[in-house]
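Student: I'd like to go through this one piece by piece.
Tutor: Fine, ask away.

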Amino acid sequence: MTTFDGLNEEHTKVIEKARQRVMDSIGKNMDLYGVTMSIGHLYGNMYFHDGPVTLDEMGQEMGMSKTSMSTGMRALVDLKMINKVWGKGSRKDLYEVEDDWHQNFVEYFSIKWRKSMEMNINSLHKSLTELKKLREENIDHEPLVALVDMDIDRMKHAIQYYRWLGRFIDALETGQIFDWIPKEEPE
């Protein structure tokens, strides 16, 4: 954690309380990224840390075992929320927070959404093919044709949505989204 050298106890308490509130909030919201609250707290602690940290340092600071800390760090590296960095003279792995939350969002959600989109489109196309064949083979069966037509229309509507989602994901990945909704400038 950043040292509080030169600060009095009252100032230190206010800063620690403010940081803790943010770390708790981050921890509670990390389920959005599919990770546990403790990993969210790890990220929150690292966010307020001054420079890269080792597993041992974070484990000691948070009171977590090296195994739990390693698992948490790996999860955050996989999410690209922290990076493994090189430190001159250090033989231990060092980790630091990725400060660009916009990029964290883009990378995580574009991967998840694209995977989901592709899986759903494949299922929809397969189902459409089967339903069209069923319809053609039973063209004189009016109740069946009506039901199949309704399902085909719904599936075509779903495909339109997934095509739109694909364009949205492209806009995230290319950064075009920030032309439409600019990032705020630092105050």
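**Charged pairs, helices and rings**

Student: Are Glu9 and Lys13 buried or exposed?
Tutor: Both Glu9 and Lys13 are exposed. Buried means under 20% relative accessible area, exposed means over 50%, and partly exposed is in between, using a 1.4 Å probe and protein chains only. This is a predicted model, in which local features need pLDDT of at least 70 and side-chain atom pairs count only at pLDDT 80 or more, while totals for chains, interfaces and linings use all residues. Residues are numbered from 1 along each chain as its sequence is written, and side-chain values use heavy atoms, with hydrogens and water left out.

Student: What do the side chains of Glu9 and Lys13 meet in?
Tutor: A salt bridge, at 3.2 Å from N to O. The term means a side-chain nitrogen of Lys or Arg within 4 Å of a carboxyl oxygen of Asp or Glu.

Student: Where do Glu9 and Lys13 lie?
Tutor: In helix H1, residues 9-29, four residues apart, which is about one turn of the helix. Helices are DSSP runs (H or I, at least four residues), as are strands (E, at least two), and they are numbered from the N terminus.

Student: How many salt bridges does the structure hold?
Tutor: Ten. One of them joins the side chains of Lys84 and Asp93, at 3.5 Å from N to O. Lys84 is exposed at 51% relative accessible area, whereas Asp93 is partly exposed at 38%.

Student: Which residue forms a salt bridge with Arg114?
Tutor: Glu173, with the closest N and O atoms 2.9 Å apart. This pair links distant parts of the chain, 59 residues apart: Arg114 is in helix H5 (residues 101-137) and Glu173 in helix H6 (residues 142-174). Glu173 is partly exposed, with a relative accessible area of 42%. There is also a network, in which salt bridges that share partners join Asp56, Lys66 and Lys92.

Student: New topic. At what angle do the axes of H2 and H3 cross?
Tutor: Roughly 110°, with the axes of H2 (residues 37-47) and H3 (residues 55-62) coming within 11 Å. The axes are lines fitted to C-alpha atoms, for helices over the stretch in contact, and angles run from 0 to 180 degrees between N-to-C directions.

Student: What does that make H2 relative to H3?
Tutor: Roughly perpendicular. That label covers 65 to 115 degrees; under 35 counts as roughly parallel, over 145 as roughly antiparallel, and the rest as oblique.

Student: Which residues make the contact?
Tutor: Ser38, His41, Leu42, Asn45 and Met46 of H2, with Met58, Glu61 and Met62 of H3. Contact means heavy atoms within 4.5 Å.

Student: OK, rings now. How many aromatic pairs are there?
Tutor: A search of the whole structure finds twelve. Rings of Phe, Tyr and Trp (its six-membered ring) pair if their centres lie within 6.5 Å; planes under 30 degrees apart are stacked, over 60 edge-to-face, and the rest tilted. Phe105 and Trp113 are an edge-to-face pair, 6.2 Å centre to centre with 80° between the planes. Phe105 is partly exposed at 33% relative accessibility, and Trp113 is partly exposed at 28%.

Student: Why is the pair of Tyr108 and Phe109 edge-to-face?
Tutor: Because their planes are at 90°; the ring centres are 5.0 Å apart. Tyr108 and Phe109 are both buried.

Student: Which residues form one aromatic cluster?
Tutor: Phe105, Tyr108, Phe109, Trp113, Tyr161, Tyr162, Trp164 and Phe168.
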